[in-house]
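Please read them with the model open.

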Amino acid sequence: MPNIAFINSRYIEFKNAKVHIEDRGFQFSDSVYEVLKVINKKLIDFDFHFKRLKYSSSELNFNIKIDKKKIHRIFLSLIKKNNLTNGIIYLQITRGTQAREHAYKKNLKPNIIVYTAKKNFNLPNKNYKGFKAITYPDIRWGRPDIKTTSLLANILAATYAANVGAYESIFIKGNKITEAAHSNVWIIKKKKIITHPANKEILKGVTRTVLISLIKSLNLDLIEREFTIKELYNSDEIFITSSGSLITPIIQVDKIKINNCKIGSITKSLATNFYKAII
Ligand SMILES: Cc1ncc(COP(=O)(O)O)c(C=O)c1O
């Protein structure tokens with residue numbers, strides 16, 4: 001069965017799906033994106049992703065009115081066409097194609113690209129895994145709250161982590177932790193769950209948003225505030241969240257072992273409750 005992608009108004013074989021060499025996403029990273037999870041054939045948290053897509057494209061003045069129902073239909077159709085049980089849907093919208101020039105012209109026609117990929121998620125069952133992370137300077141531009149494909153700093157950080165056998169790179173700005181190369185970061189100290197506030201310094205993760213409501217419904221102690229690298233090292237538990245990683249425990253940061261390199265009980269219980277809530 002061929003793998004099918006969607007470009008603009010057409011479903012097309014993945015291997016034939018191409019963009020123009022003067023597409024602004026290709027030349028300037030002038031594009032926004034979303035990654036959604038599909039678990040047991042179910043599309044998860046579509047509304048939150050759509051809301052953030054609208055935010056990102058409007059912050060960058062994209063000339064697009066995105067039709068929510070149409071995008072939803074495309075996603076469901078690709079899940080079916082590609083027989084996707086567990087995996088991700090990748091959506092990218094570029095500002096459009098234009099003769100190369102930094103300043104963009106008004107009224108460009110955005111290019112819309114959607115495809116799917118299979119993925120095994122880190123689920124809180126007997127194979128639930130904790131991982132190492134490293135810290136890395138947050139050298140990103142000033143608007144990481146916009147989900148753009150302008151990800152060079154994240155790529156350098158993630159590649160550095162991969163080269164030293166770590167799963168994620170946790171960003172340090174001054175002596176504060178912001179988030180990570182491809183996820184939000186949480187620490188737990190004395191049963192208090194702490195994560196950076198959703199301001200312009202981090203991406204407001206959909207997984208983060210959903211987990212916050214879950215934490216509140218469980219009457220656990222949540223604090224959205226900045227925290228330092230010292231607090232990170234001294235925490236009882238650490239985990240990261242993203243659509244691809246769900247809730248993934250971090251059991252070592254740099255040389256520091258967290259909870260003796262064991263997955264913490266609060267992290268495990270949050271992951272279990274989260275999984276129950278989304279499927
Ligand atoms: C930098 C960054 N922060 C946070 C997240 C988590 O966002 P979400 O939970 O919406 O996947 C991601 C996801 O890719 C990310 O790249």
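1. First, a term. A pocket here is an open set of grid points with protein on both sides within 12 Å along at least five of seven lines, and lining residues have an atom within 4 Å of a point. Keep in mind that this is a predicted model.

2. The largest pocket holds about 670 Å³ of space. Its lining counts 30 residues. Nearest the centre of the pocket lie Tyr33, Lys147, Ala181, His182 and Ser183. Two or more lining residues come from each of strand 3 (31-39), helix 4 (152-163), strand 9 (176-180), helix 5 (206-217) and strand 14 (237-242).

3. The whole structure has 3 cavities of 30 Å³ or more. The largest cavity has a volume of about 50 Å³. Among the residues lining this cavity are Asn122, Leu123, Pro124 and Tyr128. Strand 15 (246-253) and helix 7 (265-278) each give at least two lining residues. Helix 7 has the largest share, with 4.

4. By class, the lining of the largest cavity has 9 nonpolar residues, 1 polar and no charged.

5. Ile21 sits in the loop between strand 2 (10-13) and helix 1 (24-28). Why does Ile21 count as exposed? Its relative accessible area is 62%, and exposed means over 50%.

Conventions. Residues numbered from 1 in each chain as written. Predicted model: local features only at pLDDT ≥ 70, side-chain atom pairs only at ≥ 80, totals over all residues. Heavy atoms only, no water. Buried < 20%, exposed > 50% of the residue type's maximum accessible area, 1.4 Å probe, protein only. 1 Å grid on protein atoms, 1.4 Å probe; cavity = no way out; pocket = protein on both sides within 12 Å on 5 of 7 lines; lining within 4 Å. Points joined across faces, edges and corners; volume = space filled by probe spheres on them. Nonpolar A, V, L, I, M, F, W, Y, C, P; charged D, E, K, R; others polar.
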